[in-house]
Every structure is written in structure tokens, then in C-alpha cells.
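Please read it alongside the sequence and the coordinates.

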Amino acid sequence: ASYTSCLEVLTKFDYVLLTYRESIEPVSKEIESQCAYLPFGVDALLFCPIPNPPARCIDILSYGRRSERLHHILLELSAEDGFFYVHDTTKGLHTYDLLQHRLMRANFLKRSRFCIVNPGGRFDKSEVGSQSEIGARYFEGVAAGAIMIGLEPKIDEFRMYFGWPDAVVKLSEEQTKSEVALILDELIGQRERQEAIRTNNIVHGLLRHDWLYRWEAILHRVGLDPLPELVRRKQKLQDLAKLL
């Protein structure tokens, strides 16, 4: 009932594209319009660490909502082993400047070896209930070439958009401190595996997950051709991918 006026606005559109897959059916019933899934994207050029990759001086990056249990395990491990664990110390959705915030997020991720990921809204059931969705941080982590550790959303679309080996290395908040340490130690010791993950992530970010591809999907749906700037950006993305 809280969103009745918003839903009424949506009835005026020919297409409604949602970034949450499991919301399509209930929204479609409410507005009686065509709803379709369009996942999040990322400014892949902003987040891409090549051609001049910075040193990955941050060992583990965690931002946004998190498992407090896993967070405290990582705090303990960082104190014991000396790895650099960067995490939020504030809460909320406010920022001084949105563009500066996005630039800082990109710079942090390009300098991170690993980043924590979890399905969107996993730790706030009051917002998403039982839904399991692909949050924005999966696209950000991939584009920056960080190795994503955490959990995958339990929807078929995740494999469709992140269907390459080790897109996410499983790490659950239910695991013990010793199990978390073992997973990290094994991964840190596998340099070839790390490089393969980074390369796959960056290439897929450039060739599949830039916002350009989402806009291109919208144009295709309404029968419009892309403008020259879109073609030029796509070529730039492809040229960067070829460097890898």
C-alpha cells in the first residue's frame, strides 16, 4: 500500500525494466504492463585497472551491508596475520558528493586483492524478504579485477551473467574462523589461479557489464539504432579487453 502511487505511475509506460529478478512477477501483476529483467551495470572504464594497474595494496575490501559475524572474524585475522582489511565505519546512504564517492569506490576496488560480496539485501529481510538478487557490488568487483569472495545469489540469472570459473569464491558467514583462514591462505598461495580470476573478471566487465550494454538492450527493445558515441565507447571497451 505504501507504493501505490509509484505503481500507478508505472502503468503509463510501455516497458518497465527491473534490476531485481524476483520482483518482475509481482510488479507485472500490479501494473498489468510488460516487465522485464535488466541487471545492474557498471562504468567499466572508470573501474578498469588497465592499462596502468595500480598496486593492490588492500588485501580485503568490504563495503555496504555485511555479515557482522564474518566481519569480526576478518578483524581478528587481520590483527593476527597483519593483512590490510578495509571496511566501512559509517552507516547510511548519504555522501558528500556522489561522483567523488564513485571515484573513491573505483580506486579502492582497483587496489584490492579481494572484495566481499553477498546477494543484495541479504542482511535486511525487512526490505527484500526471501529474495536473492544480484547486487551492484558484483559488477563493480568484476570490472575492477578484484577477486570476489562470499556468496552467489540463488537465481538462474547469476550463472547467465557470471558464468565463468571462480566468479565468486565461496565464503560464508557460517564458517568458522579457522575455515575462513584456510580459504584465504589457499587462495593467496595460488598465484596462477588469482591471475586467471582477475583476467576473466576484467574482460567480462569490459565486454558484458558496462552500462553501455544495458542501454543497448533498451534501444533494441524499442527498435532504435545506437548513436555513434555508443559505437565508439564499445570499441574502446573492446580495445582494452584485447590488452589482456
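Helix 4 (residues 68-81) supplies the largest share of the lining of the largest cavity, namely 3 residues; helices (H or I, at least four residues) and strands (E, at least two) are DSSP runs, numbered from the N terminus. This is a predicted model, in which local features need pLDDT of at least 70 and side-chain atom pairs count only at pLDDT 80 or more, whereas totals for chains, interfaces and linings use all residues. Residues are numbered from 1 along each chain as its sequence is written, and side-chain values use heavy atoms, with hydrogens and water left out.

**The cavity**

- A cavity is a set of points, on a 1 Å grid over the protein atoms alone, where a 1.4 Å probe fits but cannot get out, and its lining residues have an atom within 4 Å of a point.
- Grid points are joined across faces, edges and corners, and a volume is the space filled by probe spheres set on the points; by this rule there is 1 cavity of 30 Å³ or more, and the largest cavity holds about 40 Å³ of space.
- The residues that line the largest cavity are Ser62, Arg66, Ser67, Leu70, His71, Leu74, Tyr85 and Ile116.
- By class, this lining has 4 nonpolar, 3 polar and 1 charged residues, where Ala, Val, Leu, Ile, Met, Phe, Trp, Tyr, Cys and Pro count as nonpolar, Asp, Glu, Lys and Arg as charged, and the others, Gly among them, as polar.

**Helix 4**

- Leu70, His71, Ile73, Leu74, Leu77 and Ser78 are the buried residues of helix 4, buried meaning under 20% relative accessible area, exposed over 50% and partly exposed in between (1.4 Å probe, protein chains only).
- They cover an arc of only 160 degrees around the axis, which puts them on the same side of helix 4; the arc is that of the directions from the helix axis to the C-beta atoms.
- The buried residues of helix 4 pack against strand 3 (58-62), strand 4 (85-87), strand 5 (112-117) and helix 9, contact meaning heavy atoms within 4.5 Å.
- The face turned away from the buried side of helix 4 carries the exposed residues Ala79 and Glu80, and the helix is followed by Gly82, whose phi is positive, near 80 degrees.

**Helix 5**

- In helix 5, the buried residues are Arg105, Ala106, Leu109 and Lys110.
- Seen down the axis of helix 5, these buried residues fall within an arc of 130 degrees, so they line one face of the helix.
- The cover over the buried residues of helix 5 includes helix 3, strand 3, strand 5 and helix 7 (136-144).

- Leu230, Leu237, Leu240 and Ala241 are buried in helix 12, and they pack against helix 3 (44-47), helix 10 (191-208) and helix 11 (211-222).
- On the other side of helix 12, Arg232, Lys236 and Lys242 are exposed.
- Lys234, found in helix 12, counts as partly exposed at 22% relative accessibility.
- Leaving aside its neighbours within four places in sequence, Lys234 is in contact with Leu212, Tyr213 and Glu216.

**Ser172**

- Ser172 is found in the loop between strand 7 (169-170) and helix 9 (177-188), and Ser172 is buried, with a relative accessible area of 8%.

Technical notes. 1 Å grid on protein atoms, 1.4 Å probe; cavity = no way out; pocket = protein on both sides within 12 Å on 5 of 7 lines; lining within 4 Å.
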